[in-house]
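This report goes through selected features of the structure shown below, chain by chain.

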Amino acid sequence: MSGNKKYYSLNGGVSLILLVFIILSLVSFAALSVASARADRRLCDKYIEQTSGYYGAFSKAQVYLADLYEGRLQADAPEGGASPEGFTEKHFPISDTQDLVLRLDSGSPPSVISIDTVTTVRTDYDESLPVIRR
Amino acid sequence: MAGKYRSKGSKTSLFLIELIISVFFFSLAGVVCVRLFLYASGISRDASDLSHAVRIAQNAAESFLGAEGAPEEASLLFLYSMDAPSEIYTAYEDSLRTGKEPGSLLLSFDKEWNLTEAAADTGAKAQGSYYVLLDYSGDDTERYAEGELSMLRIEAGRTSPASVLYELPVTYYTGQCPALQAQEIGEDTPAAEDARK
């Protein structure tokens, strides 16, 4: 009877293998969470940069307008002479790639036509991959 | 018989030694991983706080521009945009009567950035975990013949430990500009019409 009894036991090394897997997964998750948190922080820094840049440029544009309307300043002549439409554009940098553009007409005092955000660098998209066939 | 027991005993002690080594390395790795998780959690919390602070500051700045630089209107518009409960609205209007600075607003937020309190006096102390201050008493406010350069300084921070998370100064010229005035009532100036064409 006693010869039929089976005894199960852990062989040597199994716990070490388990440990290696557990530690590997723990370290992987920890590294992933750090990478994710850092990415969030970088995105947040860009958001701050963009917001501060925009309102900084807007405030400069307001000071420029105040000086212009109070007669302390003359509207800048457009670069390369007057445009065919007779507009003057005044650029206030937001970031390396964006400007706030204040568009004024040629009246006296000049009227504001628009306040826009424009991209100052040319973006060349990679269209070498034929993903969409025309 | 004795050899059999010795062999069983050495197997058990080998397993125990292995287990002790495993526990030692597991605790070492555990400490490192917990530190990494805490570090990530700290960065994530900072990023989240900053993000909330910038979003609310941007909201306040747009309210200020929408109110054309009028402090009290800007503060009320900001409270409205924050979905402030009516009791906070009323409390702010009441405190405006006794406030020292015209329209200055101090908002308190809880841990989840929910608005809990609003006060008009900038000398008051924020109650919650975070605060946002709208300060219109800028020294650089410049008066012109036609209007003035209205200044707003928005400050968002933690109450304890006291630290400033984000600061945003905004300027608005309150003088009337013909083209902007025309746009407000839905008309275009001749120059704007030409530009559109």
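## Strand pairing in chain A

In this predicted model, strand β1 (residues 88–93) of chain A runs antiparallel to β2(A), and six bridges join the two. β1(A) and β2(A) make a hairpin, with four residues between them. Within this pairing, His91(A) lies opposite Val101(A) of β2(A).

β2(A) also pairs with strand β3 (residues 112–119) of chain A, again in the antiparallel sense, over seven bridges. Here Leu100(A) has Thr117(A) in β3(A) as its bridge partner. Strand β2 (residues 98–104) of chain A has six of its seven residues buried, so the rest of the structure largely encloses it.

## Cysteines

The count of disulfides over all chains is zero. Cys44(A) is buried, at a relative accessible area of 5%. Cys33(B) is also classed as buried, with 1% relative accessibility.

## Make-up of chain B

Chain B contains five helices and six strands. Along the sequence their pattern is α-α-α-β-β-β-β-β-β-α-α. Of the 197 residues in chain B, 38% are buried. The chain exposes about 11,400 Å², of which carbon and sulfur atoms supply 55%.

Contacts in chain B between residues at least 6 apart in sequence include a share of 50% that join residues at least 24 apart.

## Helix α2 of chain B

Which residues of helix α2 (residues 71–81) of chain B are buried? They are Ala74(B), Ser75(B), Phe78(B) and Leu79(B). Viewed down the axis of α2(B), the buried residues fall within an arc of 135 degrees, so they line one face of the helix.

Glu73(B) and Tyr80(B), on the other side of α2(B), are exposed. After α2(B) comes Asp83(B), which has a positive phi, near 55 degrees.

## Confidence in chain B

The mean pLDDT of chain B is 79, and 75% of its residues reach 70 or more. Among the elements of the chain, strand β6 (residues 163–173) of chain B has the highest mean pLDDT, 92. The lowest, 47, belongs to helix α4 (residues 178–184) of chain B. Over residues 179–189 of chain B the pLDDT is below 50, and this stretch has twelve contacts in the model beyond near neighbours in sequence.

Methods. Residues numbered from 1 in each chain as written. Chains lettered and ligands numbered in written order. Predicted model: local features only at pLDDT ≥ 70, side-chain atom pairs only at ≥ 80, totals over all residues. Heavy atoms only, no water. pLDDT = per-residue confidence, 0-100. Contact = heavy atoms within 4.5 Å. Buried < 20%, exposed > 50% of the residue type's maximum accessible area, 1.4 Å probe, protein only. Arc of directions from axis to C-beta. Areas by Shrake-Rupley, 256 points an atom, 1.4 Å probe, with all protein chains shown as cover. Disulfide = S-S within 2.5 Å. Pairing = 2+ DSSP bridges.
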